[in-house]
Amino acid sequence: MKIITRIWHGITRKEDADAYLNYLFDTGIKDYKAIKGNLSTKVLRRIDHDICHFMTITEWENVESIKEFAGEHFEKARYYKEDKQFLLEFEEHVTHFETYIVD
């Protein structure tokens, strides 16, 4: 079985890590989970000295379901207005992988 994995990366200041995690759950994660074709959602977080890395890893039935979340240009990262309060940079693109489920 083939699905699509979408990976996004963002960076905040260490002191904003908890607030951004809560914000992420209230915005992007909530929106991911509202799409019928979203199969799973994970958030990875790693504090490295004075910054914090976030990665969202989502699995989708197909590209069409990703487009329901991200729009026609699904390769571009989707940001929210309030992200400016937290993120130190705005990576333009996300990464997609064909993912094969092996039982």
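Is Tyr32 buried or exposed, and what is its relative accessible area? In this predicted model, Tyr32 is buried, because its relative accessible area is 6%, and the cut-off for a buried residue is under 20%.

A pair of aromatic rings is described by the distance of the centres and the angle of the planes. The structure holds 9 aromatic pairs. In one of them, Tyr32 and Trp60 are arranged edge-to-face, with 6.0 Å from centre to centre and 80° between the planes. Tyr32 belongs to helix α1 (residues 17-34) and Trp60 to strand β3, so that this pair links distant parts of the chain, 28 residues apart. Tyr32 and Trp60 are both buried. Tyr32 also pairs with Phe69; here the rings are tilted, at 4.6 Å centre to centre and 50° between the planes. Because Tyr32 lies in helix α1 and Phe69 in helix α2 (residues 63-70), the pair ties together parts that are 37 residues apart in sequence. Phe69 counts as buried because its relative accessibility is 6%. Apart from these pairs, Tyr20, Tyr23, Phe54 and Phe86 form one aromatic cluster.

Strand β1 spans residues 2-13 and is mostly covered, with 10 of its 12 residues buried. Strands β1 and β4 run antiparallel and are joined by 6 bridges. Within β4, His96 is the residue that stands opposite Arg6. Strand β1 is also joined to strand β3 (residues 51-60) by 10 bridges, and this pairing is likewise antiparallel. Ile51 in β3 stands opposite Arg13.

Helix α2 contains the buried residues Ser65, Ile66, Phe69 and Ala70. These buried residues line one face of the helix, because they fall within an arc of 125° when seen down the axis of α2. Glu64 and Glu68 are exposed on the other side of α2. An α-helix has 3.6 residues a turn, so residues three or four places apart point the same way. Phe69, on the buried face of α2, is the residue whose ring pairs with that of Tyr32.

Side chains of opposite charge can pair when their charged atoms come close. A search of the whole structure finds 8 salt bridges. One of them joins the side chains of Arg13 and Asp16, at 2.8 Å from N to O. Arg13 counts as partly exposed because its relative accessibility is 36%, whereas Asp16, at 13% relative accessibility, counts as buried. Arg13 and Asp16 are linked with Glu15 in a network of salt bridges.

A salt bridge is also formed by the side chains of Arg45 and Asp18, again with an N to O distance of 2.8 Å. Arg45 lies in strand β2 (residues 38-48) and Asp18 in helix α1, so this pair ties together parts that are 27 residues apart in sequence. At 39% relative accessibility, Arg45 counts as partly exposed; Asp18, at 51%, counts as exposed.

In the salt bridge between Arg78 and Asp31, the closest N and O atoms are 3.5 Å apart. Since Arg78 is placed in the loop between α2 and β4 and Asp31 in helix α1, the pair ties together parts that are 47 residues apart in sequence. Both side chains belong to partly exposed residues: Arg78 has a relative accessibility of 33%, and Asp31 has one of 25%.

On the surface, Met1, Leu39 and Ile101 form a nonpolar patch, and together they have about 300 Å² of accessible area. Ile101 is located in the segment after β4 (95-100). This residue counts as partly exposed because its relative accessibility is 37%.

Definitions and conventions. Residues are numbered from 1 along each chain as its sequence is written. This is a predicted model: local features need pLDDT of at least 70, side-chain atom pairs count only at pLDDT 80 or more; totals for chains, interfaces and linings use all residues. Side-chain values use heavy atoms; hydrogens and water are left out. Patches are made of residues with over 30% relative accessible area and no salt bridge: like charges are joined within 9 Å, nonpolar side chains (Val, Leu, Ile, Met, Phe, Trp, Tyr) within 5 Å. Accessible areas come from the Shrake-Rupley method with a 1.4 Å probe; for residues, only the protein chains shown count as cover. A salt bridge is a side-chain nitrogen of Lys or Arg within 4 Å of a carboxyl oxygen of Asp or Glu. Helices (H or I, at least four residues) and strands (E, at least two) are DSSP runs, numbered from the N terminus. Buried means under 20% relative accessible area, exposed over 50%, partly exposed in between (1.4 Å probe, protein chains only). Two strands pair if DSSP finds at least two bridges between them. Rings of Phe, Tyr and Trp (its six-membered ring) pair if their centres lie within 6.5 Å; planes under 30 degrees apart count as stacked, over 60 as edge-to-face and the rest as tilted. The arc is that of the directions from the helix axis to the C-beta atoms.
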